[in-house]
Amino acid sequence: MRYTNDSTAEDLYRYSYAEPGDAVRRNTKEKEQREEQKKTALYEITVKRQNKKVKQSLVAAIAVVFVLASVLLCRYASIYEMHYRTARIDSQIEALNIENNRLEAMISSNSNVVDIDSVAQNELGMQKPQPYQVVSINVEPVDELKMNNNLQLDNASDDLTWYEEIIKGVKDFFGFVDY
């Protein structure tokens, strides 16, 4: 049969009627689309979680590196400070040695026994002691090294509380020096 352009049959032919099973196909397509959307949503959520974990581990790693760098920086700063102090003390020691040498030379030039005796008798009016003015004293020798060691041991045995010992240990570890 032949249809003409303006016939109603042509319009009916073009109109799509629902065939049996179309609703089922539409429902399955919608279900498939929903499941696919769920899968993509779940995938996106898992990707976000993984990205969040990566970011957290990266932040933790950066924090650890920062702490370690800070500890190293503190150590090097205290080492530099101690080096500066020792250099300053060495220069003071050298200046004192030069001054000592100068004073020793001055003392040796002024310590002529004959000159000292004449100044004491003539200018100061001193005289040699008479036998009744001399008193003998029995002096026992003292080992000064042992005496100094005993004093240092007494100072070192001061009892520290537990938290003072911890603070001292931390200071020793990081190289801090008490002034």
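## Surface, helices and side-chain contacts

The protein chain exposes about 17400 Å², and carbon and sulfur atoms supply 59% of this area. Accessible areas come from the Shrake-Rupley method with a 1.4 Å probe; for residues, only the protein chains shown count as cover. The model is predicted: local features need pLDDT of at least 70, side-chain atom pairs count only at pLDDT 80 or more, and totals for chains, interfaces and linings use all residues. Residues are numbered from 1 along each chain as its sequence is written, and side-chain values use heavy atoms, with hydrogens and water left out.

The protein chain has 5 helices and 0 strands; helices (H or I, at least four residues) and strands (E, at least two) are DSSP runs, numbered from the N terminus. From the N terminus on, the order of elements is α-α-α-α-α. Of the 179 residues in the protein chain, 3% are buried. Buried means under 20% relative accessible area, exposed over 50%, and partly exposed in between (1.4 Å probe, protein chains only).

The structure holds 2 salt bridges, a salt bridge being a side-chain nitrogen of Lys or Arg within 4 Å of a carboxyl oxygen of Asp or Glu.

| Salt bridge | N to O distance |
|---|---|
| Arg85 and Glu81 | 2.6 Å |
| Glu99 and Arg102 | 2.4 Å |

Arg85 and Glu81 both lie in helix α2 (residues 22–110), 4 residues apart, about one turn of the helix. Glu99 and Arg102 are 3 residues apart in helix α2, so about one helical turn separates them. Glu99 has a relative accessibility of 32% and counts as partly exposed; Arg102, at 44%, also counts as partly exposed.

The structure also holds 1 aromatic pair, formed by Trp162 and Tyr163. Rings of Phe, Tyr and Trp (its six-membered ring) pair if their centres lie within 6.5 Å; planes under 30 degrees apart count as stacked, over 60 as edge-to-face and the rest as tilted. The rings of Trp162 and Tyr163 are 5.7 Å apart, centre to centre, with 90° between the planes, and the pair is edge-to-face. Trp162 is exposed, with a relative accessible area of 62%, while Tyr163 is partly exposed at 43%.
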